[in-house]
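Morning, everyone. Please have a look at the chain on the screen, and then we will walk through a few places in it.

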Amino acid sequence: MQQAEIMQRVVGILTEAVEMRRQVRENPDAKMALTGSISALLVETLPKINLPADASAQETKDIITEALGPAIVTLSNCFSYAFVHLAEVHDEGRTDTSTADVLRSLSLQFAQRDGA
């Protein structure tokens, strides 16, 4: 999965979270159903790991770290980038745009990078 696609999925997760928060504010007693979008993203981005049966604890740690490290860094970078982007708009005191607008713009920016 390309970084631009991961970024768009992260923006989707954040957009979904904003909508869920809005619904909870409007109806505090309602139960919110989780969509599983975070789990789906993890399944699609984290690699399968095959460990040798005779691997020591240290070898197991090294194999897992090497396999998962790049995906975890990419996911962390995408969530961090989106957070910082939203925080900058907030810190600028901008009232002419909503969180949803900022996230939509961010998603479009990465869609254009990806050629979508």
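In which helix is glutamate 19 found? Glutamate 19 is in helix H1, which covers residues 3–26. Helices here are DSSP runs of H or I, at least four residues long, numbered from the N terminus.

Before going on, some ground rules. This is a predicted model: local features need pLDDT of at least 70, side-chain atom pairs count only at pLDDT 80 or more, and totals for chains, interfaces and linings use all residues. Residues are numbered from 1 along each chain as its sequence is written, and side-chain values use heavy atoms, with hydrogens and water left out.

Back to glutamate 19. Is it buried, partly exposed or exposed? Glutamate 19 has a relative accessible area of 30%, so it counts as partly exposed. The cut-offs: buried is under 20% relative accessible area, exposed is over 50%, and partly exposed is in between, with a 1.4 Å probe and protein chains only. The side chain of glutamate 19 makes a polar contact of 2.9 Å with that of glutamine 23. Such a contact is a pair of N or O atoms within 3.5 Å; within protein, one must be able to donate a hydrogen and the other to accept it, and residues adjacent in sequence count only if both atoms are side-chain atoms. Alanine 100 is 81 residues away in sequence, yet 8.8 Å away in space, C-alpha to C-alpha.

Next, the core. Which residues of the largest nonpolar core touch the most other members? They are Met7, Val10 and Leu106, out of 13 residues. H1, helix H3 (57–91) and helix H4 (99–114) each supply at least two residues. H1 gives the largest share, 6 residues. By definition, a nonpolar core joins buried Ala, Val, Leu, Ile, Met, Phe, Trp, Tyr and Cys residues through side-chain atoms within 4.5 Å.

Now the rings. How many aromatic pairs are found in the whole structure? The search finds 1. Tyrosine 81 and phenylalanine 110 form it, edge-to-face, at 5.7 Å centre to centre and 80° between the planes. Tyrosine 81 sits in H3 and phenylalanine 110 in H4, 29 residues apart. For the terms: rings of Phe, Tyr and Trp (its six-membered ring) pair if their centres lie within 6.5 Å; planes under 30 degrees apart are stacked, over 60 edge-to-face, the rest tilted. Phenylalanine 110 is at 7% relative accessibility, so it counts as buried. Tyrosine 81, at 36%, counts as partly exposed.
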